[in-house]
Amino acid sequence: MHQILSKIESPADLSNLSNEQLEQLSAEIRDVLCSLVATRTAHFASNLGVVELSIALHRTFDFSRDRLIWDTGHQIYPHKLLTGRYDEFGTIRTTGGLMGYPNPAESDYDLFVTGHAGSSVSTMLGLRSGDDLQGEKDRHAVAVIGDGAFPSGIVFEALNNAGGMNANLLVVLNDNKMSICPRVGGVADYFDRLRMNPFYTGVKSEVLKILNHVPLLGDPTERLLAQCKEAVKAGLHGGMLFEELGFSYIGPIDGHNIGLLRKYMEMVKTLPGPVLLHVVTEKGHGYQPAAADPVFFHTPPAFIDDNGKAVPKKSGGPKAYTNYARDAIAEQMRKCDKVTVMTAAMCQGTKMEPVRDEFPHRFFDTGICESHAVAFAAGQAKTGLRPIVNIYSTFLQRSFDQIFQEVALQDLPVVFTMDRAGLTAADGPTHHGSYDIGYMRLFPNMIVMAPGDAEEVGEMLNFALLQDHPSAIRYPKANAETVERDRTPMELGKAEVLSTGADGTVICYGAQLADAQRGVETLKSEGLDVGLINARFCKPIDRETIVGAVKTSPFVVTVEEGALMTGFGSAVLEACTDEGVDASRVKRLGIPDTFIDHGEREERLAEIGLTAEGIAQTCREMAAKTSALHGDDSISAGL
C-alpha cells in the first residue's frame with residue numbers, strides 16, 4: 001500500500017506535506033515504477049531519475065494554472081502519478097490505457113503530446129507569449145529538458161528567441177549525463193565542465209544580485225551557506241554560454257534533494273527574464289541495477305527483481321528486422337572501408353553497439369540532431385564515402401529539408417535505413433513510423449524500397465550501396481520472418497511475382513508479405529485463387545508488373561504498413577492513372593488518415609486489416625464485389 005501516493009488526487013495535495021513526507025512519497029513512486037516493469041516493457045531509468053524533480057516542481061508551482069512541458073516525454077510517469085492518475089497507472093502503455101507520454105486527452109496537466117526531443121523551449125516560449133498578450137502575465141512558464149535533447153538545433157533557436165524577447169521563462173535542464181546512450185558532443189563536454197569544476201572562490205556580481213532576491217525560506221544563514229556555494233560555483237564558471245544568450249544561469253544543484261530543489265525553484269520564480277536552472281540527476285536513481293546500467297534500463301524488457309538483481313522474463317521469437325539491418329550494415333562496413341554509418345542518439349534502439357565498437361572511426365553518433373546527421377552524411381557522400389543514415393522513421397522526418405536539399409537535390413548516394421517504419425505498439429503516435437513512404441518518394445532521384453522478409457534486408461542494403469543515387473529502405477519494429485519461395489534477384493524498379501491468381505492479386509510493399517502469403521493460402525483453401533506480388537520498390541515502381549496486374553486482375557489489394565495518403569497504394573493509383581488504366585477495382589490497405597493510439601502491435605494491425613485474416617477478408621469482399629458486378633452469385637453468397 002502506498003500510504004501517501006494513494007491519497008494524491010492532484011498536486012494540491014502536496015501542499016501540506018513536509019519534506020520528510022515528500023521523501024516517503026518519492027520512495028512510493030519508485031516502488032510503483034519497479035512494479036510496473038515487472039509486468040511490461042516501459043521507460044524506467046529516466047523516470048527513476050526525475051522523481052524528486054517532479055515532486056519539487058508540483059510542490060512549488062501550481063500547474064493547474066502555470067505552464068509545464070516535459071521535453072521528449074518519456075520521463076512523464078512521476079508527473080502522471082502526481083496528477084491524479086495513480087489508480088489508472090497500471091494500464092500505462094496498454095490498449096485503452098494511459099499513454100506512456102504526455103497526453104492532453106488524459107489530463108489538463110499535460111499540455112502537449114511530446115515524444116520527439118527538443119521542442120519544449122519553443123512551445124513554452126509560445127505559451128509565455130500567448131499568456132502575456134492576453135493579460136495573464138502571472139502564469140509561470142516551465143520547460144523541463146534533458147541534456148541529451150539539449151544539443152538539438154531547435155533548442156538553441158528557442159534560447160536565442162527567448163533571450164531576445166527577455167521573456168519570463170524557466171528552463172529546467174535535467175542533466176543526467178545521458179541520452180539513451182551516454183551523451184556525445186561539445187555541449188555534453190560543456191555540461192561536464194559545469195558539473196565538475198571545483199573552483200569556488202570569488203563572487204560574481206550577478207550571483208550576489210540573485211541571492212539578494214531569494215525569498216525567506218527556512219533559516220537565513222543556512223540559506224546563504226547552501227545556496228551561495230552552489231550559485232557562486234555556477235555563476236563564476238558555468239553558464240556563460242546561457243548568460244550571453246540573455247538567460248540567468250543558476251546551478252548546478254542536486255536534483256535528488258527535494259528541499260534544495262524547492263528552495264531554488266522558489267528563488268527562480270521571482271526572477272525576471274529567462275532563467276536556466278541546471279539540475280543534476282542520476283538516471284536510474286533509487287534502483288541500483290538501473291543506476292549502474294542506465295542504457296539497458298532505459299526501456300528494459302519486463303523483469304523481476306531477485307534480491308537486487310534484475311532477471312528479465314523469458315522472451316523469444318525470430319530475430320527482429322533491426323538485428324538484420326544491424327548485421328547487414330556491419331557486413332557492408334567489413335567489405336568496404338568507404339561505408340560509414342551514423343545515428344542520432346539511437347545507437348541502443350537500433351542495436352548498433354557492436355558496429356560502434358568494431359568501427360569506432362566510421363560510426364558517428366550525432367546526438368539528437370537528425371537534420372545535422374543528414375547534412376553531415378551528404379558531406380561525406382560528396383567526398384566519395386558511402387554513408388548510411390540509420391534513424392527511426394518518425395525521427396528522420398525531422399530532417400525533411402536536408403533530405404531534399406543536401407541529398408536529393410545534389411543526387412548524392414546516401415542510404416537511409418529507416419527503423420520502426422510502421423506501428424510501434426506501446427509508444428503510440430509520436431513513435432509510429434507512418435509517413436516515410438510519402439515524404440521519401442516525392443523527391444526526384446530517390447530510390448524507395450521495403451524488404452518483404454528477413455532475407456531481403458541485406459540484399460536491399462547491398463543493392464542500395466551500389467547505386468549512384470540516394471536510396472531509402474524501411475522496415476518495422478517487428479520480428480522478421482522468411483517467406484519461402486524461389487527468389488528472384490534484386491533489380492532496380494522490379495517487383496517479384498510469387499504467384500498469379502485468376503480471381504485477384506495482392507500486391508504487398510514491405511514486411512506484411514508473410515501475412516499476405518498466409519492470407520492467400522487461406523483463400524486458396526476456400527476456393528479463391530488470388531496471386532501475390534512482392535513490390536520491393538515504391539519508387540521507381542514496377543509499372544509493367546503492377547499496372548499489368550491492375551489491368552488484368554478482377555481486383556487488386558495493395559498492402560503497406562504506412563500512411564495510405566501518399567503511400568504505396570497511392571503510387572499504384574498514380575501509375576494506373578498515368579497509364580490510362582481503370583483503377584476502380586483497387587483496394588488499398590494501410591494506415592488511415594488518423595493518428596493511431598498506442599497498444600499491442602498485433603491489435604493495432606488487426607484494426608486496420610494488416611493481418612493475414614484482414615488481408616484475406618478484404619480479398620473476399622473485393623471478390624464478392626467484382627463477382628456481383630459480373631452477375632456471379634457464387635462468391636458473394638459465400639460471404
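Me: How many bridges join strand E18 (residues 556–563) to E19?

Reply: E18 and E19 are joined by 5 bridges and run parallel. Two strands count as paired if DSSP finds at least two bridges between them. Val556 has Val586 in E19 as its bridge partner. Before going on, note that this is a predicted model: local features need pLDDT of at least 70, side-chain atom pairs count only at pLDDT 80 or more, and totals for chains, interfaces and linings use all residues. Residues are numbered from 1 along each chain as its sequence is written, and side-chain values use heavy atoms, with hydrogens and water left out.

Me: Which strand order does the sheet with E18 and E19 have?

Reply: First, the labels: helices (H or I, at least four residues) and strands (E, at least two) are DSSP runs, numbered from the N terminus. Here the order is E14-E16-E15-E18-E19, in an open sheet of 5 strands with mixed pairing. Strand E14 (496–499) and strand E19 (586–591) are the edges, and each pairs on one side only. On average, neighbouring strands of this sheet are turned by 20° against each other, direction ignored.

Me: Which helices pack on this sheet?

Reply: Look for contact, meaning heavy atoms within 4.5 Å. Helix H20 (residues 513–525) packs on the sheet and touches E14, strand E15 (504–509) and strand E16 (530–534). The direction of H20 makes about 170° with that of E16. Helix H21 (residues 543–552) also packs there, touching E14, E15, E16, E18 and E19. The direction of H21 makes about 150° with that of E15.

Me: What pairing does the sheet with E1 show?

Reply: Parallel pairing, in an open sheet of 5 strands with the order E1-E2-E3-E5-E4. Strand E1 (67–70) and strand E4 (248–254) are its edges, each pairing on one side only. Neighbouring strands of this sheet are turned by 15° against each other on average, direction ignored. E1 and strand E2 (residues 141–146) run parallel, joined by 4 bridges. Ile69 stands opposite Ala143 in E2. Helix H3 (residues 51–60) packs on this sheet, touching E1, E2 and strand E3 (169–175). The direction of H3 makes about 165° with that of E1.

Me: How do I describe two packed helices, and what is the case for H1 and H11?

Reply: Two packed helices are described by the angle between their axes and the distance between the axes. Axes are lines fitted to C-alpha atoms, for helices over the stretch in contact; angles run from 0 to 180 degrees between N-to-C directions. Helix H1 (residues 19–37) packs against helix H11 (residues 258–269) at about 115°, with the axes 10 Å apart. Asn19, Leu22 and Glu23 in H1 meet Ile258, Gly259 and Arg262 in H11.
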